[in-house]
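Let's take a walk through this structure together. Have a look at the fold first, and then we'll go through a few spots.

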Amino acid sequence: MEHTLKITNVLADPTRYYIYQYIVNNHGDVTVQQIADSFNIHPNVARLHLSKLEDIEMLTSEARKTGKGGRPSRLYRLSDKVIQLHFPYRDYQLLSRISIQTMMTLGEQGKQALYDTGKVFGEELVNQQLALSLNSVNSLTFEEKVGMLKNAAAIAGFSPEIQASEEENKILFRIFNCPFKEVTAVEPSIICSMHNSFLKGMFEALFDNVHIVELENMMSDCSTCSYQASVLT
């Protein structure tokens, strides 16, 4: 409870909260000076905010030489630790692990059910966005479909980055946060396959014929999960 109160107190400061969101969207290391410039605050104030976030383990930092002489620069990045606040206490990760292990006892049928369910949830996530936009998928342009894909991925917690070329009918889809990361220890290959099925459902809800190839995977010590999607015409 004490740590929970500390977290809520740290995030109660609006500037500190927006600094954290800035780092989430930055997808990389940030310096004190970068935060100071971005939020128009003194570097000492920026350092205090960053230190507070590091104290509650939402950030981590390291000193790194810049090659220009002088003192090493301290770089801040997102921590790998997951912060969850539930009142009263809930443990959904435990429920996920139990459910996945139960599915695995069913053998190939269980695996297939997990893949199929992942795909359905991916489709539903995009369909919810379509319903909110009051548009049919056939009325959307390629650019609008890509935008909707990014919105749906952001809602799913993927912290996505998308580069798309309508001329080449290709979409580079990068994920900087895996919301399933904490349960991959149960069955890494199975969870990654389910995740890929989830993404396939999202893409197929928007594009009639799409082929997706995995380029990078966080479980292979990559910084992102990256995919190349080719929209076939």
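A residue is called buried when its relative accessible area is under 20%, exposed when it is over 50%, and partly exposed in between, using a 1.4 Å probe and protein chains only. What you see is a predicted model, where local features need pLDDT of at least 70, side-chain atom pairs count only at pLDDT 80 or more, and totals for chains, interfaces and linings use all residues. Residues are numbered from 1 along each chain as its sequence is written, and side-chain values use heavy atoms, with hydrogens and water left out.

Let's start with charges. Side chains of opposite charge can pair when their charged atoms come close. Here a salt bridge is a side-chain nitrogen of Lys or Arg within 4 Å of a carboxyl oxygen of Asp or Glu, and the count comes to six. In one of them, glutamate 161 meets arginine 174, at 3.1 Å from N to O. That pair links distant parts of the chain, 13 residues apart: glutamate 161 sits in strand S4 and arginine 174 in strand S5. Glutamate 161 counts as partly exposed because its relative accessibility is 26%, and arginine 174 is partly exposed too, at 24%.

Another salt bridge joins arginine 77 and glutamate 62, at 2.7 Å. Arginine 77 belongs to strand S3 and glutamate 62 to strand S2, 15 residues apart. (Strands are DSSP runs of E with at least two residues, helices are runs of H or I with at least four, and both are numbered from the N terminus.) Through shared partners, salt bridges tie Asp29, Glu62 and Arg77 into one network.

Now for the helices. Glutamate 108 is exposed because its relative accessible area is 59%, while lysine 111 counts as partly exposed at 24%.

Lysine 111 also takes part in the contact (heavy atoms within 4.5 Å) between H6 and H8, where the H8 residues include Ile190, Met194 and Phe198.

Finally, where is asparagine 217? Asparagine 217 is found in the loop between strand S6 and strand S7. Buried or exposed? Asparagine 217 counts as buried because its relative accessibility is 11%. Its side chain reaches the backbone nitrogen of methionine 219 at 2.7 Å.

Technical notes. A polar contact is a pair of N or O atoms within 3.5 Å; within protein, one must be able to donate a hydrogen and the other to accept it, and residues adjacent in sequence count only if both atoms are side-chain atoms.
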